[in-house]
Amino acid sequence: MIKDVQNISIEDYNYPLPDERIAKYPLSERDASKLLVLKDNNISSSHFNEIGDFLPKDSLLIFNETKVVRARLQFTKESGAAIEIFCLEPISGNGDYQVAFSSKSPSRWKCLVGNSRRWKNEAISLRLYESTSQQVYESTSQYQSQCQILHADRLEKNDSYSVVEFSWEPAELSFAEVLEAAGEIPLPPYLHREAEESDRERYQTVFAKHEGSVAAPTAGLHFTNELITNLKERGITFEEVTLHVGAGTFRPVSSETIGEHEMHSETIVVKKSFIENLIRNCDKTIIPVGTTSMRTIESLYWIGLMLMEEGLEERNLHLNQWFPYQERETLPSAEESLSTILEYLNKHELSELHATTALMIAPTCKINIAKALITNFHQPKSTLLLLVSALIGNKWKEAYQYALDNDFRFLSYGDSCLFLG
């Protein structure tokens with residue numbers, strides 16, 4: 001079974017996407033975007049503010065409450081060379097995002113470094129009055145008058161990332177406050193533009209709470225508070241998870257088969273009460289809002305199975321990308337698997353589950369919890385397109401061709417889909 005999925009050709013998940021079809025900016029109203037609806041194998045179009053007309057009455061929508069941080073920092077060496085540092089994940093605070101963001105100077109992070117060859121062993125500094133981000137966000141950031149200078153020292157370099165230690169003045173500020181003052185919103189590279197002041201609001205969902213993502217859960221960008229209220233009045237219920245989106249979400253599959261692709265790892269945080277509610281509502285139409293929410297709840301199923309197979313001893317829980325594809329005679333129900341997570345949390349007296357997932361959801365992967373999906377249109381040859389195909393099969397090709405033929409806008413700031421099977 002593992003061999004079957006690993007031999008999938010990524011070229012089968014390619015499609016022509018002209019640059020002019022990529023939405024460079026959001027629409028003026030969040031919920032005014034087009035909505036492609038796939039229901040009963042039929043495709044139609046509407047607008048997102050009418051999504052309630054298509055959702056089953058027993059729908060439970062899952063939001064990802066992660067918040068995008070200003071993870072891109074622009075330094076200039078004394079020689080004039082520009083060095084861009086992109087914060088990926090914390091090393092300080094034992095990798096806990098909330099601890100790392102609240103930490104005082106110094107703080108260590110795994111980072112991507114642009115123009116890396118021009119950065120030798122010297123420390124570099126960013127004075128905020130010289131910062132591009134200060135010029136862009138001068139009227140809105142409350143921290144720029146507090147944080148004066150940010151230093152970066154590269155401690156380690158390997159093929160995939162660098163370890164960078166940041167220190168700053170005044171040292172009593174938290175790293176979150178420093179990024180708020182000095183950083184830029186990390187827009188997807190395919191937008192080919194710098195972040196602007198409007199992106200501070202629009203590249204963030206209205207329900208974002210927990211800092212840690214370097215990319216927005218973009219399906220959630222279409223929701224407004226008014227739409228959420230309207231859906232609740234229709235009887236639609238909501239739950240929240242947190243998956244901190246990593247830079248790997250932008251990385252297309254460059255190998256011929258997906259077996260050669262190393263899936264990026266992302267951090268999951270879910271409350272015990274969420275697990276309990278999910279168990280109570282497994283018979284409902286559970287609809288993740290975005291691929292990150294789907295990756296979270298499907299990872300929970302496999303983490304529960306992992307605990308069933310390997311025991312409940314305390315550990316750093318990590319789900320391997322190929323774990324779901326191992327040969328097994330039978331699989332437990334969603335309720336059984338999730339109940340094992342509850343048992344684990346109770347045993348270790350935990351109110352939240354913290355784990356990491358490298359889960360690759362691809363065709364042949366059994367979908368155990370999600371019954372439908374709200375999502376945007378994804379890049380050709382991407383793992384996100386593989387995820388969509390795992391849910392709706394080759395119907396994705398017809399849906400994407402329909403979108404191309406009917407002037408839908410693509411990718412992060414683009415239009416949306418509701419896949420009901």
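**Entry 1: the second largest cavity**

I started with the second largest cavity, which holds about 90 Å³ of space. I keep in mind that this is a predicted model. Which residues line this cavity? I listed Pro26, Leu27, Glu29, Arg30 and Ser33, then Arg202, Leu221 and His222, and finally Arg409, Ser412, Tyr413 and Gly414. Sorted by class, the lining splits into 4 nonpolar, 4 polar and 4 charged residues.

**Entry 2: the largest cavity**

Next I asked how many cavities of 30 Å³ or more there are. I got 3. The largest cavity contains about 400 Å³ of space. It has 30 lining residues, and the ones closest to its centre are Thr218, Thr249, Thr291, His378 and Leu384. Which elements give two or more residues to this lining? I found helix H8 (291-310), strand E17 (373-376) and helix H10 (383-392). By class, I noted 15 nonpolar, 13 polar and 2 charged residues in the lining of the largest cavity.

A reminder to myself on the idea behind this: rolling a probe the size of a water molecule over the atoms shows where empty space is left.

**Entry 3: the second largest pocket**

Then I turned to pockets. The second largest pocket has about 280 Å³ of space. It is lined by 18 residues, and nearest its centre I found Arg72, Glu84, Leu187, Pro188 and Pro189. Strand E5 (72-76), strand E6 (82-90) and E7 each supply at least two residues of the lining. Which of the elements gives the most to it? That is E7, with 3 residues. The classes here come to 10 nonpolar, 3 polar and 5 charged residues.

**Entry 4: helix H11**

I picked helix H11 (residues 395-405) and asked which of its residues are buried. My list reads Lys395, Trp396, Ala399, Tyr400, Ala403 and Leu404. I noticed that a lysine, Lys395, is on that list. What covers these buried residues? The cover includes strand E1 (34-39), strand E2 (42-47), E17, H10 and strand E18 (416-419). After H11 comes Asp407, and its phi is positive, near 60°.

Some background first: most residues other than glycine have a negative phi, and most peptide bonds are trans. I went looking for exceptions.

Where are cis peptide bonds found? One joins Ser105 and Pro106, with omega about 0°. Pro106 sits in the loop between helix H2 (97-102) and strand E7 (107-114). I know E7 from the second largest pocket, where it gives 3 residues to the lining. Another cis bond joins Glu169 and Pro170, again with omega about 0°. Pro170 is in the loop between strand E10 (162-169) and helix H4 (175-182).

Now for positive phi. Glu349 is not a glycine, yet its phi is positive, about 55°. I placed Glu349 in the loop between helix H9 (334-347) and strand E16 (352-357). Is Glu349 buried or exposed? It counts as exposed, because its relative accessibility is 75% and the cut-off for exposed is over 50%.

Thr364 also has a positive phi, near 90°, and is a residue other than glycine. Thr364 is in the loop between E16 and E17. Its relative accessibility is 47%, so Thr364 counts as partly exposed.

**Entry 5: the whole protein**

Last, I stepped back. I counted 11 helices and 18 strands in the protein. How many residues of the protein count as buried? The figure I have is 57% of the 421 residues.

For the overall shape, I compared the radius of gyration with the value for a compact globule. With 421 residues, such a globule would come out near 22 Å, and the protein has 22 Å, so the two agree. Along the principal axes, the C-alpha atoms fill a box of roughly 60 × 50 × 45 Å.

I also looked at contacts between residues at least 6 apart in sequence. Of these, 77% join residues at least 24 apart.

How values were computed. Residues are numbered from 1 along each chain as its sequence is written. This is a predicted model: local features need pLDDT of at least 70, side-chain atom pairs count only at pLDDT 80 or more; totals for chains, interfaces and linings use all residues. Side-chain values use heavy atoms; hydrogens and water are left out. On a 1 Å grid over the protein atoms alone, a cavity is a set of points where a 1.4 Å probe fits but cannot get out, and a pocket is an open set with protein on both sides within 12 Å along at least five of seven lines; lining residues have an atom within 4 Å of a point. Grid points are joined across faces, edges and corners, and a volume is the space filled by probe spheres set on the points. Helices (H or I, at least four residues) and strands (E, at least two) are DSSP runs, numbered from the N terminus. Ala, Val, Leu, Ile, Met, Phe, Trp, Tyr, Cys and Pro count as nonpolar, Asp, Glu, Lys and Arg as charged, and the others, Gly among them, as polar. Buried means under 20% relative accessible area, exposed over 50%, partly exposed in between (1.4 Å probe, protein chains only). Contact means heavy atoms within 4.5 Å. The radius of gyration is taken over C-alpha atoms; the globule rule is 2.2 Å times the number of residues to the power 0.38.
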